[in-house]
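Here's a structure to get to know through a handful of questions. Have a look, then read on.

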Amino acid sequence: GLIITSGMNGGLDGTTVNGHIYLVDSTDDSWEDLVTASGFSQDLDFSTYPNCPGELNINDFSAHGLALKQIDSNNFDLYITSHGAREAIEIFTLNIESVRAKLTWRGCVPLDETIMHNSLAIFSDGGFITTQFMTWDGGVQSVLSGEAKGSLVTWRPGGQPTIMPGSELGGANGIVVSEDERYIYVAAFGAGELVRFDLAQDPIKTDSIALNILPDNVRWGEPGRLLTAGGNVNGDGWSVIEIDAAS
């Protein structure tokens, strides 16, 4: 199978490493960086992303959270939260023919430069919802101390990035959306919780469950079930937890 993974830059540890978007082939453990591969190209869709200031600076970006959505048998939307030269959602088309892959950058949606955005999910209309993890000034310690709060930011084609009302969380991290786009599930890293937002309620209804980990990513696993992983709160390693999304 093929696996897409992100690669951050050295912004957090003070190194000069640049960002990457890796394609890993689990059948033979081979891999390549799709951004530096010969097939990479950039083709700005200005009508869809009119506020994007220009092409991705491939020498100064940081691929953090990512979301993949299938378009057809060979093509996928790939969105990433990116830092570096700009804080933005960078948007690509991934084409996979047999085991050959080609990545095409299509545009970006600039975000608040003072905030590290962490993960995101793609809506069916091409919009997205992303998590505000921390301020760059506050750093990870502000998340662990409970001081840092982050909200969810939505963007729809033709609109502007907008904070979702009542969505402030302690260290908002991983995020997924239900297939019918009614529910948003978010890993609140700083609070040690998984939080569900019900968009069918007005005001939006929130439920949460406490976990004995600091949850990082969250992904769909078996049908109707979520997987999240993170460090154990007592400091003795890490765990993966399966959660019934309905209950």
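## Bridges, a bond and a pocket

Q: Which side chain does Arg156 meet in a salt bridge?
A: This is a predicted model, and in it the two side chains come to 3.1 Å, N to O. Arg156 sits in the loop between strand E11 and strand E12, and its partner sits in the loop between E9 and strand E10, 31 residues apart. That partner is Asp125.

Q: Is Asp125 buried, exposed or partly exposed?
A: Buried means under 20% relative accessible area and exposed means over 50%, with partly exposed in between. Asp125 has a relative accessible area of 40%, so Asp125 is partly exposed.

Q: Which strands hold Arg106 and Asp77?
A: The side chains of Arg106 and Asp77 meet in a salt bridge at 3.1 Å, N to O, and both residues are buried. The pair ties together parts that are 29 residues apart in sequence, because Arg106 is in strand E8 and Asp77 is in strand E6.

Q: What is the relative accessible area of Glu90?
A: Glu90 forms a salt bridge with Arg86, with their closest N and O atoms 2.7 Å apart. Arg86 is buried at 14%. Glu90 is buried too, and its relative accessible area is 1%.

Q: Is the disulfide of Cys52 and Cys108 right-handed or left-handed?
A: The structure holds one disulfide, and its sulfur atoms are 2.2 Å apart. Cys52 lies in the loop between strand E4 and strand E5, while Cys108 lies in strand E8, 56 residues away. Cys52 is buried at 6% relative accessible area, and Cys108 is buried at 1%. The torsion about the S-S bond is about 110 degrees, so the disulfide is right-handed.

Q: Which strand gives the most to the lining of the largest pocket?
A: That pocket holds about 540 Å³ of space, and 16 residues line it, with Leu68, Lys69, Val176, Val177 and Trp220 closest to its centre. Four strands, E5, E9, E13 and E17, each supply at least two lining residues. With four residues, the top contributor is E5.

Q: What accessible area does the nonpolar patch of Leu12, Trp136, Val140 and Leu144 have together?
A: One of its members, Leu144, lies in helix H1. Leu144 is partly exposed at 42% relative accessible area. Together, the four residues have about 340 Å².

Notes: Residues are numbered from 1 along each chain as its sequence is written. This is a predicted model: local features need pLDDT of at least 70, side-chain atom pairs count only at pLDDT 80 or more; totals for chains, interfaces and linings use all residues. Side-chain values use heavy atoms; hydrogens and water are left out. Patches are made of residues with over 30% relative accessible area and no salt bridge: like charges are joined within 9 Å, nonpolar side chains (Val, Leu, Ile, Met, Phe, Trp, Tyr) within 5 Å. Accessible areas come from the Shrake-Rupley method with a 1.4 Å probe; for residues, only the protein chains shown count as cover. Buried means under 20% relative accessible area, exposed over 50%, partly exposed in between (1.4 Å probe, protein chains only). A disulfide is a pair of cysteine sulfur atoms within 2.5 Å. On a 1 Å grid over the protein atoms alone, a cavity is a set of points where a 1.4 Å probe fits but cannot get out, and a pocket is an open set with protein on both sides within 12 Å along at least five of seven lines; lining residues have an atom within 4 Å of a point. Grid points are joined across faces, edges and corners, and a volume is the space filled by probe spheres set on the points.
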